[in-house]
Amino acid sequence: MRILASVLFAFMCVPAIASAAIAPVHYRNAQQSAPDLVTIEVIDVQTSVCLFNACRSQTVTVKAKVKAVARTKSGLKAGHTITIVYEHRPLKGRSGPSPIRILTKGETTPAYLQVEGDAKGPRVWAPAARKASFGAPIE
């Protein structure tokens with residue numbers, strides 16, 4: 001009976017473990033390996049519509065001006081205007097990695113980014129360090 005109870009307990013815990021929070025060292029590593037580290041000024045923010053706060057995620061589209069470049073593999077330069085697209089997934093009572101915050105118009109912040117898509121279409125950037133993609137480096 002104890003073995004059966006242990007097995008059932010283990011199966012109940014697997015979903016919680018599978019979506020557990022991410023340790024700070026992993027965010028720091030993601031920041032350090034991000035192809036582009038720039039300082040941006042947010043020009044505009046658009047989010048997908050979420051009726052009655054019932055959405056599991058929202059698409060966020062940010063138009064931003066690059067103010068400074070610390071490193072870049074995509075060739076970004078100060079003065080470039082870029083588009084950043086990502087999903088904001090609030091936890092809403094479940095465990096898992098913290099969501100990427102929704103940026104605000106007029107905000108200036110460091111951004112850890114990577115280019116998405118191919119070189120033929122318009123370039124779009126995405127967060128490269130999950131919740132730590134916008135803001136100070138994780139120490």
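The protein contains 2 helices and 5 strands, where helices (H or I, at least four residues) and strands (E, at least two) are DSSP runs numbered from the N terminus. This is a predicted model, in which local features need pLDDT of at least 70 and side-chain atom pairs count only at pLDDT 80 or more, while totals for chains, interfaces and linings use all residues. Residues are numbered from 1 along each chain as its sequence is written, and side-chain values use heavy atoms, with hydrogens and water left out.

User: In what pattern do the helices and strands follow one another along the sequence?

Analyst: The protein has 2 helices and 5 strands. Read along the sequence, they give the pattern α-α-β-β-β-β-β.

User: Is the pair formed by the rings of Tyr86 and Phe134 stacked, edge-to-face or tilted?

Analyst: Rings of Phe, Tyr and Trp (its six-membered ring) pair if their centres lie within 6.5 Å, and planes under 30 degrees apart count as stacked, over 60 as edge-to-face and the rest as tilted. The structure holds 1 aromatic pair. The centres of the Tyr86 and Phe134 rings are 5.6 Å apart and their planes stand at 45 degrees, so the pair is tilted.

User: How many residues apart in sequence are the parts that this pair ties together?

Analyst: Tyr86 belongs to strand E3 (residues 81-88), whereas Phe134 lies in the segment after strand E5 (124-127), so the parts tied together by the pair are apart in sequence by 48 residues.
Both residues count as buried (under 20% relative accessible area, with exposed over 50% and partly exposed in between, for a 1.4 Å probe and protein chains only), Tyr86 at 4% relative accessibility and Phe134 at 6%.

User: Which elements do the buried residues of helix H2 pack against?

Analyst: In H2 (residues 24-33), Tyr27, Ala30 and Gln31 are buried, and because these residues fall within an arc of 100 degrees seen down the axis, they line one face of the helix; the arc is that of the directions from the helix axis to the C-beta atoms. On the other side of H2, Gln32 and Ser33 are exposed. The buried residues pack against E2 and E4.

Note on methods. Contact means heavy atoms within 4.5 Å.
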